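Please read them with the structure open.

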Amino acid sequence: MDRAGTITKNVKYAVAGELLLAVLKFLSRRVFVLLLGREYLGLNGLFADVLSMLSLAELGFSVSITCSLYRPVAQGDTEMIKSLVRLYRQVYRAVGLLVLAAGLSLTPFLGFFVKEMPKDISNIPLIYVLNLVNASVSYFFAYKSTLLFVHQKKYIETSIRAAVSLAATAAQIGVLLLTRNYLYYLCLAIAATVVQNVAVGAEADRIFPYLREKEVRPLPAEILGEICRNVQAMLLHRIGTVAVFNTDNLLISKFVGVVSAGLYSNYMMIRGFLNLLINALFDAIAPGLGSLAATETEEHRRTAFRRLHFFSAWLFGWMSICLFCLYDPFIDIWLGEGYLLPKKAVLLIVLNFYVNSMRIPVNNTKGVLGLFWEDRYKSILEAVSNLAVSAVLAQRWGVEGIIAGTLISTLAFPFWWEPLVLYRRGLHSPADKYFADYLAHLGVTVAAGWATWLLCRGIGGGIGCFLLKCLLCAALPNAIYIVAYRQKEELHFFLHTAKGMVKKTR
């Protein structure tokens, strides 16, 4: 299958799988809120962020090894693949044990992360430990799913994950309805994680039988040195990522309260669903970019990135408009009254979504080109500024201040630093055109969003009005984009590509 055909197949499976998983998650969250309440919801979000901090133990090794796998996969060098996979397996087993041990050591200090620990919830340490076990289990199997990803067979993992999640969510909802016991709910989540990873590993062994071979050569010193250098850089990137994207719930729990953290987690769940779709889409594209980077000229890379940036601006702009117009109406229908944040907080959440989503094409392209070292200190500056500004603003503006701190730290450092590194070190051309295009795309999105919001604001509440708003958000922004971009080469390229994908799908 050619590169475009493989990407098309991965995208189809990714979108279908994530849509199914989203329906299951929203249904599960509805039952969760009805039966357990807002305090359990806040505690769940808090522990998710605490465990995300422990992912620093991974050191960014996954990204580094994935980058190293692109060339041997493109060249069919199975001996090098075996050597890299063995290293990956050894490191991730150690990481899994380290995450488990570090997480257990935090158990006596859980009260530090919460302004006031919920009094109506028993067995809080046990709840945390079960969440910890669920988070650490997947490290023991991750290397095999990465090999599927690099070989552009991500659709296999997606299919398995969707099937397991369907069964697990049905079982979890049944357990909550029958027992209202959160501990049983978590035990089912652990079982699902184990089953999913074992199934993915078995399928990888079937497709790549050389993984079972005992004779594996040591990695060449230069390859190992390159991986170690990338890991050093990725550790700093991981610190920045965790400090920026996985601390808002912690800060809200600490400075505002666990109930507010629960409300915020509902908005993050919806945004997280979109992020899953986005990641699935870009994960499907990334191996193609890696193959292109390993085999094509710099001019091809520049053209590919320019088109990817255009596609991203349209997609993320439209998603941001939909979020701002539909966030509150959807939560009202989904969870009922009493689960909304102030409108200023919603606007800041949407701005954060847009700015950080627009970093994805830049960072994905940097990743496949192996550009980890050049902007390693950016992540530390971003992390420090995020925590400092968010903590200060939280004292004055609460939830809004914490979200604003994240936005300010992003604009202060990665917004301009990451594109400069990509253009100077990877694409070897000036970045002026990138920033000019970025501002032009932002202007079109603001105009489209303002027009859509004015029309949506005049529509009432209820399911019928919500569906009308959905139709308006689907039609008006995209019509404005088509008019604004009608002369762009990138638009004509994607229209041609879409026609080809429709034909292949049929």
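1. **Leu476.** At 23% relative accessibility, Leu476 counts as partly exposed. The cut-offs are these: buried is under 20% relative accessible area, exposed is over 50%, and partly exposed is in between, with a 1.4 Å probe and protein chains only. Leu476 lies in helix H19. Helices here are DSSP runs of H or I with at least four residues, strands are runs of E with at least two, and both are numbered from the N terminus. Leu476 touches Ala451, Thr452 and Leu455, leaving out residues up to four places away in sequence. Contact means heavy atoms within 4.5 Å. Thr452 is 24 residues from Leu476 in sequence, and their C-alpha atoms are 6.6 Å apart.

2. **Basis.** This is a predicted model, in which local features need pLDDT of at least 70 and side-chain atom pairs count only at pLDDT 80 or more, while totals for chains, interfaces and linings use all residues. Residues are numbered from 1 along each chain as its sequence is written, and side-chain values use heavy atoms, with hydrogens and water left out.

3. **Overall make-up.** The chain has 20 helices and 0 strands. Of its 506 residues, 54% are buried. Take the contacts in the chain with a separation of 6 or more: residues 24 or more positions apart account for 83% of them.

4. **H18 against H19.** The axes of H18 and helix H19 (residues 463–484) come within 9 Å and cross at roughly 150°. Axes are lines fitted to C-alpha atoms, for helices over the stretch in contact, and angles run from 0 to 180 degrees between N-to-C directions. That makes H18 roughly antiparallel to H19. The classes are: under 35 degrees roughly parallel, over 145 roughly antiparallel, 65 to 115 roughly perpendicular, and the rest oblique. The crossing of H18 and H19 is right-handed. A crossing is right-handed if the near helix is turned clockwise from the far one by less than a right angle, and left-handed if anticlockwise. On the H18 side, the contact residues include Val444, Ala448 and Leu455. On the H19 side, they include Lys469, Cys473 and Tyr481. By class, this contact of H18 with H19 has 12 nonpolar, 2 polar and 1 charged residues. Ala, Val, Leu, Ile, Met, Phe, Trp, Tyr, Cys and Pro count as nonpolar, Asp, Glu, Lys and Arg as charged, and the others, Gly among them, as polar.

5. **H4 against H5.** Helix H4 (residues 78–105) and helix H5 (residues 124–137) pack at about 165°, with axes 9 Å apart. H4 and H5 are therefore roughly antiparallel. Their crossing is right-handed. Gly96, Val99, Leu100, Gly103 and Leu104 of H4 meet Tyr128, Val129, Leu132, Val133 and Ser136 of H5. The residues of this contact divide into 7 nonpolar, 3 polar and no charged.

6. **Cores.** Which residues touch the most other members of the largest nonpolar core? They are Phe316 and Tyr327, in a core of 120 residues. Helix H11 (residues 258–295) gives the most to this core, with 13 residues. A nonpolar core is a set of buried Ala, Val, Leu, Ile, Met, Phe, Trp, Tyr and Cys residues joined through side-chain atoms within 4.5 Å.

7. **Phe316 and Ser320.** Beyond four places in sequence, Phe316 touches Ile278, Phe282, Phe353, Tyr354, Ser357, Met358, Ile360 and Pro361. Ser320 lies in helix H12 (residues 298–335). At 5% relative accessibility, Ser320 is buried. Leaving aside neighbours within four places in sequence, Ser320 is in contact with Val350, Phe353 and Tyr354.

8. **Backbone points to check.** Most residues other than glycine have a negative phi. Arg180 has a positive phi of about 55° although it is not a glycine. Arg180 lies in the loop between helix H7 (154–179) and helix H8 (182–207). Arg180 is exposed, with a relative accessible area of 53%. His428 also has a positive phi, of about 50°, and is not a glycine. His428 is found in the loop between helix H17 (414–427) and helix H18 (432–457). At 45% relative accessibility, His428 counts as partly exposed.
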